[in-house]
Amino acid sequence: MEIRQQALQILCIRDPAPKAEAITRLYQELQAGSGIPLDQRLDTQAQLTRPAELPGRPEKPRLLSALQVPNRSPFTQEGRAALIHAIAHIEFNAINLGLDAVWRFSGMPQQFYLDWLQVAAEEALHFNLLHSHLQTLGHQYGDFDAHDGLWTMAERTAGDVLARMALVPRTLEARGLDATPPLQAKLAKAGDTRAVEILDVILRDEIGHVQIGNHWYRHCCRERGLDPIALYPELVARYEAPRLRPPFNFSAREAAGFSEAELAYLRG
């Protein structure tokens, strides 16, 4: 089956475990090579039909607005489980976002689709690591309420790959670069060394994911003759994206490809 069509089929899978397994298998097959030229397996121009329900996801967790999801202390086992669940939910959504970029946006270079398949596969690894740890705390994915901010922005930017690249990987996911070190400090203080180790893996990979978003955002801007720095605040306003707030992880953002001008803007 054509690769982008496969990505769409995987996106429709509701159960997180087989979804993670399917994208991992697809990406491993691509890395191994099948002997079939990539341009015979990957149709970059195909206009695929959106299924009625996207993304595929389980009945639980119940999805609420971000303001309705309570903050939990990591200094109790239940609170720590809720926190790990919240991160696992972000990673599950991130699998869906990677797959969505692959099937939805036609006419991009081949590498665009390979990059987002890689992202989806790495997000699947993150989800599996977090879910395994959550189970050691006596819980499963779906046991706590969650919010749907990542997918909401995916829906808002569904009509424009430039807006998607600007506002999902390099805005919402980049916030994870900022949030991870303080979160690790709290978990370390609570004695959860395994969670700290998992977040090390996630932070390392997420730098690469944000870098991919930066690369393709600038690619789209060049193709359209637009200034990426001047355009960004316009996109934030147009799509009602969250405004960036400190503290910022400047070293991670620099590693993820943000320019000196962009970092200087954040420094105020």
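D145 is partly exposed, with a relative accessibility of 29%; the classes used here are buried (under 20% relative accessible area), exposed (over 50%) and partly exposed in between, for a 1.4 Å probe and protein chains only. The model is predicted, local features need pLDDT of at least 70, side-chain atom pairs count only at pLDDT 80 or more, and totals for chains, interfaces and linings use all residues. Residues are numbered from 1 along each chain as its sequence is written, and side-chain values use heavy atoms, with hydrogens and water left out.

The side chain of D145 forms a salt bridge with that of R62, at 2.6 Å from N to O. This pair links distant parts of the chain, 83 residues apart: D145 belongs to the loop between helix 5 (110–136) and strand 2 (146–147), and R62 to the loop between helix 3 (38–41) and strand 1 (63–64). Helices (H or I, at least four residues) and strands (E, at least two) are DSSP runs, numbered from the N terminus.

Side chains of opposite charge can pair when their charged atoms come close. A salt bridge is counted when a side-chain nitrogen of Lys or Arg lies within 4 Å of a carboxyl oxygen of Asp or Glu, and by this rule there are 14 salt bridges. One of them joins D100 to R104, with the closest N and O atoms 2.8 Å apart. Both residues are in helix 4 (residues 77–104), separated by four residues, or about one turn of the helix. D100 and R104 are both buried.

D100 also meets R164 in a salt bridge between side chains, at 2.9 Å from N to O. Because D100 lies in helix 4 and R164 in helix 7, this pair ties together parts that are 64 residues apart in sequence. The relative accessible area of D100 is 0%, and R164 is buried at 2% relative accessibility. Through salt bridges that share partners, D100, R104 and R164 are joined into one network.

## D178 in helix 7

D178 is located in helix 7 (residues 161–189). The residue is buried, its relative accessible area being 9%.

The side chain of D178 reaches the backbone nitrogen of N249 at 2.7 Å. Leaving aside residues up to four places away in sequence, D178 touches P247, F248, N249 and R253, where contact means heavy atoms within 4.5 Å.

How values were computed. Polar contact = N/O pair within 3.5 Å; in protein donor to acceptor, adjacent residues only side chain to side chain.
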